Amino acid sequence: MIPTSYYLVLSAILFGLGVVAFIFKRNVITIFMSIELMLNAVNLAFVAFSRALGQLDGQVFVLFVIVVAAAEAAVGLGIVILIARNRQSLNVERVDLLKL
Amino acid sequence: MNAPLLVFFVLAALAVGGAVNLILQKHPIHSALSLIVVMVSLAGLYLLMGAEFVAAVQIIVYGGAIMVLFVFVIMLLNAGIEEHTNFSKLAGFAGIPLALAVTGFIAAAVARSNDAVLSVSQTGAVAPTKELSTLLFREFVYPFELTSFLILIAILGAIVLAQREHS
């Protein structure tokens, strides 16, 4: 069968791709999606460890992570709508009030 | 090569391909669709590990609810192709090699570690949903109740943020 380390390496790769997308993208919605990608990568590691250790705690944590991600998506997309309304753009470089 | 390993590699390739496509696509709606590919293939991986309840929740909540919200907002705001302004040099020269280095370090640490847990094979035996719910409603009942409070606050926050101001 499949060793647990395969799942962990896949999780690391997906997390790294999420970080790259977070740095690389200029659109605030896409940046938000890359955060979701990173959360998904962590969930994969949680489930893999849960199955390897034979304990179900990891899967319960995954459920909590999904709930928090859903709440975060609702509030975050509300903020995105506000940004679009106030700046007429979704580019993060236009959101620079705190920049010197 | 046995069948589960083959399924694993197909699903892993789909997930990584979807994540790479998320980065390469210019239009946010294409990025959103490739993120759905990643989530569905992760649900397949959860099924392969025998975590059937988590797989179902992954498809219903992530692939369904959250991604519909994303696509809805993209269409509501009529988000077009990403405009490329002067790309931050710091992101290109420091950020991406750093992210790749982090990935490489984690992968190398996992690959070289001889911890007993890592060599345990995923048998694919189904995790009983009944035990999962017992754990959730007995041991984790306070965090579970707190999440309902969190969701209430998130609903209020989303409504307050997105409503039009009355002058």
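Predicted model: local features only at pLDDT ≥ 70, side-chain atom pairs only at ≥ 80, totals over all residues.
**Entry 1: terms and ground rules**

A residue is buried if 20 or more other C-beta atoms lie within 10 Å of its own, exposed if 12 or fewer, and partly exposed in between, with C-beta atoms placed from the backbone.

Residues are numbered from 1 along each chain as its sequence is written, while chains are lettered from A and ligands numbered from 1 in the order in which they are written.

**Entry 2: confidence**

I looked up pLDDT, the predictor's confidence in each residue, from 0 to 100. Chain A averages 88, and 100% of its residues score at least 70. Chain B has a mean of 85, with 90% of its residues at 70 or more. I then went through the elements; helices (H or I, at least four residues) and strands (E, at least two) are DSSP runs, numbered from the N terminus. In chain B, strand 1 is lowest at 70 and helix 2 highest at 93. The model scores are ipTM 0.90 and pTM 0.89.

**Entry 3: helix 3 of chain A**

Val68(A) sits in helix 3 (residues 57-87) of chain A. I checked the length of this helix. Its 31 residues reach 44 Å from first C-alpha to last, close to the 45 Å expected at 1.5 Å a residue. The expected span is 1.5 Å times one less than the number of residues. I also took one pair of residues: the C-alpha atoms of Val68(A) and Ile83(A), 15 residues apart along the chain, are separated by 22 Å.

Which residues of helix 3 of chain A are buried? I listed some of them, including Val60(A), Leu63(A), Ile66(A), Val67(A), Ala73(A) and Leu77(A). The cover over the buried residues includes helix 2 of chain A, plus helix 3, helix 5 and helix 6 of chain B.

I followed the chain past the helix. Gln88(A) lies in the segment after helix 3 of chain A. Its phi is positive, about 55°, although Gln88(A) is not a glycine. Gln88(A) has 8 C-beta neighbours inside 10 Å, so it counts as exposed.

**Entry 4: chain B**

I counted six helices and one strand in chain B. The order along the sequence is α-α-α-α-β-α-α. Of its 167 residues, 25% count as buried. For contacts I used this rule: two residues touch if their C-beta atoms, placed from the backbone, lie within 7 Å. Among chain B contacts between residues at least 6 apart in sequence, 55% join residues at least 24 apart.

I looked at one loop residue. Thr123(B) is in the loop between strand 1 and helix 5 of chain B. Is Thr123(B) buried, exposed or partly exposed? It is partly exposed, with 14 other C-beta atoms within 10 Å. Thr123(B) and Gly50(B) are 73 residues apart in sequence, but 7.9 Å apart in space, C-alpha to C-alpha.

Domain bounds come from an automatic or database domain assignment. For chain B they give domain 1 (1-80) and domain 2 (128-167). The centres of these two domains, taken over C-alpha atoms, are separated by 23 Å.

**Entry 5: where the chains touch**

How many residues does each chain bring to the contact? Chain B brings 72 and chain A brings 59. Helix 4 of chain B gives the largest share of the chain B side, 11 residues. I sorted that side by class: 56 nonpolar, 13 polar and three charged residues. Here Ala, Val, Leu, Ile, Met, Phe, Trp, Tyr, Cys and Pro count as nonpolar, Asp, Glu, Lys and Arg as charged, and the others, Gly among them, as polar.

**Entry 6: the core**

A nonpolar core is a set of buried Ala, Val, Leu, Ile, Met, Phe, Trp, Tyr and Cys residues joined through C-beta atoms within 7 Å. The largest one has 73 residues, and Leu14(A), Ile29(A), Leu37(A) and Leu44(A) have the most contacts inside it. Helix 1, helix 2 and helix 3 of chain A each give two or more residues, as do helix 1, helix 2, helix 3 and helix 6 of chain B. The largest share, 15 residues, comes from helix 1 of chain A. Domain 1 and domain 2 of chain B both give residues to this core, so it lies between them.

Last, I looked at Leu14(A). Leaving out residues up to four places away in sequence, Leu14(A) touches Leu37(A), Asn40(A), Ala41(A) and Leu44(A), and also Ala15(B), Val16(B) and Ala19(B).
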